Amino acid sequence: MKRPIRFYVAIFMARSARFLLKKLKRNATHFPGQVARTICFDFLKYLQQPTHLIGVTGTNGKTTVSNMILDVFKAQRIEVANNKLGSNITEGVITALLDATTFFGNRKSEWGVLEIDERASLRIFPYIKPDVLVVTNLFRDSYKRNAHIEFIVDLLNKYIPETTHLIVNGDDLIASMLCAPNSRTTFGILPQENELQVRDSIINDLVYCPNCENRLTRDFVRYHHVGIHHCESCGFKSLPLDVYVKTLDVALRRMVVESKGVSCEFRLVGSNITDAYNMIAMISVFLHYGKTLSEISSIVDTLSIVESRFDEIVVGNKRVIGLLAKDQNPVANSRVFDFIRRETSWGKVAILFANEVYAHVDNPDEVENMAWIYDTDMEYLNQEHVSQLIVGGHRRYDFYARMRMAGIPKSKIVIVDKEEDEIRMIDSSIDTVVLLYSTKNIPIANRMKKEIAKHLVSEVNV
Amino acid sequence: MIIECLFPSVASLFGEHGNITYLKQTFPQATVYETDLSESPRFLSEKVDLVYMGPMSERAQRKIIDLLMPYRLRIKERMDEGNYFLITGNAVDIFGTSIEYEDVGVVKALDLFPFTTKLKMLARFNCMVMGEFEHMTLVGHKTQFSMSYGDFKEHMFFKVSKGIGMNSSIMEEGIRYHNFFATQMIGPMFVLNPHFTQWFFNRLANQEVTLPYKEALLLAYEQRVKDFTLVNEAIYE
């Protein structure tokens, strides 16, 4: 492909920007891409992609799945171009591919793994053609950016390249039905013995049959629209699963995965069913590239989940658990709340909400649209073992109102004016402190976790 | 009290489900119908005190126009009879003359009010909204692909003081016609605006209504009014 002069100017400027920012010890993962696009808007078109390119998109779990794939490559000592440290929109993808190419943009890396924001797909997929695209799941997300799920599905259907093999969540009818002409592998988790169905989610993004528009029958509901469906009117039904978790034991952190009649036991990295979904997505990728289940399993034994997604500090007989609950994303929060309501073994729980309220550093001039908390299943937190819900920050009264709507007794809700007071207000009888945080405030959350642990140490010593 | 929520399986996006929950909590004795897309709206054939419909996808918007079109004159009659309605988000567009979509072109709407709506799918618009209605300050947000054009002066719901009205050049927001209230603002309206809700529910029930956890709603409302007042620019990306 003949490249225009503006591409060469752009690549020179972008690489210079990246070099200088790195020298200044700055995060050089977004700005170089921005420079490149400013000079050459279709910069990606002229940049050669790795020989094998894996894309990961979806509403929730794409960072974890991308990181797991990278970890498996790393364990095999295979170098992979990626945007792990950068953004998942066009600029981050450009910066990642700058590292994967020679000075003038020719192919250097054999492998690439790109996390791709579904909203940015219209600017990425016209130029970047992944061999494989993992779609973790598709739910309604930020109203501001993503509007509603049909909008996102339309974008993906329009822009995902026809040549790309899809690895889709087969338990999610919206994700699994994407791009009908494309080849696909479906992954999922079979309904488990005694598995509790969650039929009380506020959000259900798929009520009607995609074929005939009659109401779908929900045979098994894991949560929201994830589960097994069929249509009484036209016979439409969920796709069969190609790779699936046959048995899942969250307590023992083991799962048995089966594909094409072969099964293998895996260590479950994490302790939530969403961790199992992330793992089965990753496993499906490596099966696609010819690895066997047992080969993948032995590599997985060496993995640990990315710390920013789930981590725990134990202080005596108490503990602090950090949970990522993405801001403006009702389904992500509902999943976390469902997880908490099931964890009755945690003893008396205090929840500190820091997942939205500290985001104002980004744009102090914006008063956030808090409508998303009315799509979030706050009702799940109305449990006996959840003893305290502590909220601070700019939108603390919105959380308070929503908690009251959820039927949470006033006596359990603590509203504080200052961040440091959140920690001070933790009751001494609490066994587990859960800190909810957003992608925007990971450094603040890390600091808070340590301060909570310190607070609990002083409580233990008293 | 009989309340009908029209098509909540598709018309309750952007947290507007909160309006339905709050109605149920405020009027626990009320009969609340949640009408499915496969059913005919009940308010057309029986007495319903309040009809509520919230925001939806563009496909759902077209489907609902098709469903309601045969009843457009009956709907107008209900409005003229003083039936209460609260219509939020892009459900409002259904009551104009037409909607222009980028992919399917112009679709005729119910033509009950003189405005048209145009969508730009890659230009999502977001802003805060603050305005005055009956000496009450209303607050909420807009999150939409569309702008509406036409004459809104005659049946304006409220005047915007911060943010935009039915399009970015005007401050007239929504429609009020007898007891038909419609705004493209989302909130949820009843939860975010306790003074308005008190006013609305008192009229609807024809008596003083006790709002559940009103003190919590007032705290959130007062903080939001304060924040909206301080913010320089209401439109955000």
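Colleague: In strand 2 of chain B, what is the bridge partner of B:Leu6?
Modeller: B:Leu6 has B:Thr35 as its bridge partner there. This is a predicted model: local features need pLDDT of at least 70, side-chain atom pairs count only at pLDDT 80 or more, and totals for chains, interfaces and linings use all residues. Residues are numbered from 1 along each chain as its sequence is written, while chains are lettered from A and ligands numbered from 1 in the order in which they are written.

Colleague: How many bridges join strand 1 and strand 2 of chain B?
Modeller: Five, between residues 2-6 and residues 31-35, and the two strands run parallel. Strands here are DSSP runs of E, at least two residues; helices are runs of H or I, at least four residues; both are numbered from the N terminus. Two strands pair if DSSP finds at least two bridges between them.

Colleague: Which helix goes with those two strands?
Modeller: Helix 1 of chain B, residues 17-26. With strands 1 and 2 of chain B, helix 1 makes a right-handed β-α-β unit. Right-handed means that, with the strands pointing away from the viewer, the path from the first strand over the helix to the second runs clockwise.

Colleague: What about the open sheet in chain B, what is the strand order?
Modeller: The order is 6-5-7-10, four strands with mixed pairing.

Colleague: Why is one side of strand 6 and of strand 10 left without a neighbour?
Modeller: Strand 6 (105-108) and strand 10 (146-150) of chain B stand at the edges, so each has a single partner strand.

Colleague: In which sense do strands 7 and 10 of chain B pair?
Modeller: Antiparallel, over five bridges. B:Leu119 has B:Ser146 in strand 10 as its bridge partner.

Colleague: New topic. How many residues does each chain give to the contact?
Modeller: Chain A gives 23 and chain B gives 35. Two residues are in contact if their C-beta atoms, placed from the backbone, lie within 7 Å.

Colleague: Which helix of chain A gives the largest share of its side?
Modeller: Helix 13 of chain A, with six residues.

Colleague: Now chain A itself. Is helix 10 mostly covered or uncovered?
Modeller: Mostly covered: 15 of the 16 residues of helix 10 are buried. Buried means 20 or more other C-beta atoms within 10 Å of the residue's own, with C-beta atoms placed from the backbone.

Colleague: And what follows helix 10 of chain A?
Modeller: A:Gly290, with a positive phi near 100 degrees.

Terms used
Buried ≥ 20, exposed ≤ 12 C-beta atoms within 10 Å, placed from the backbone.
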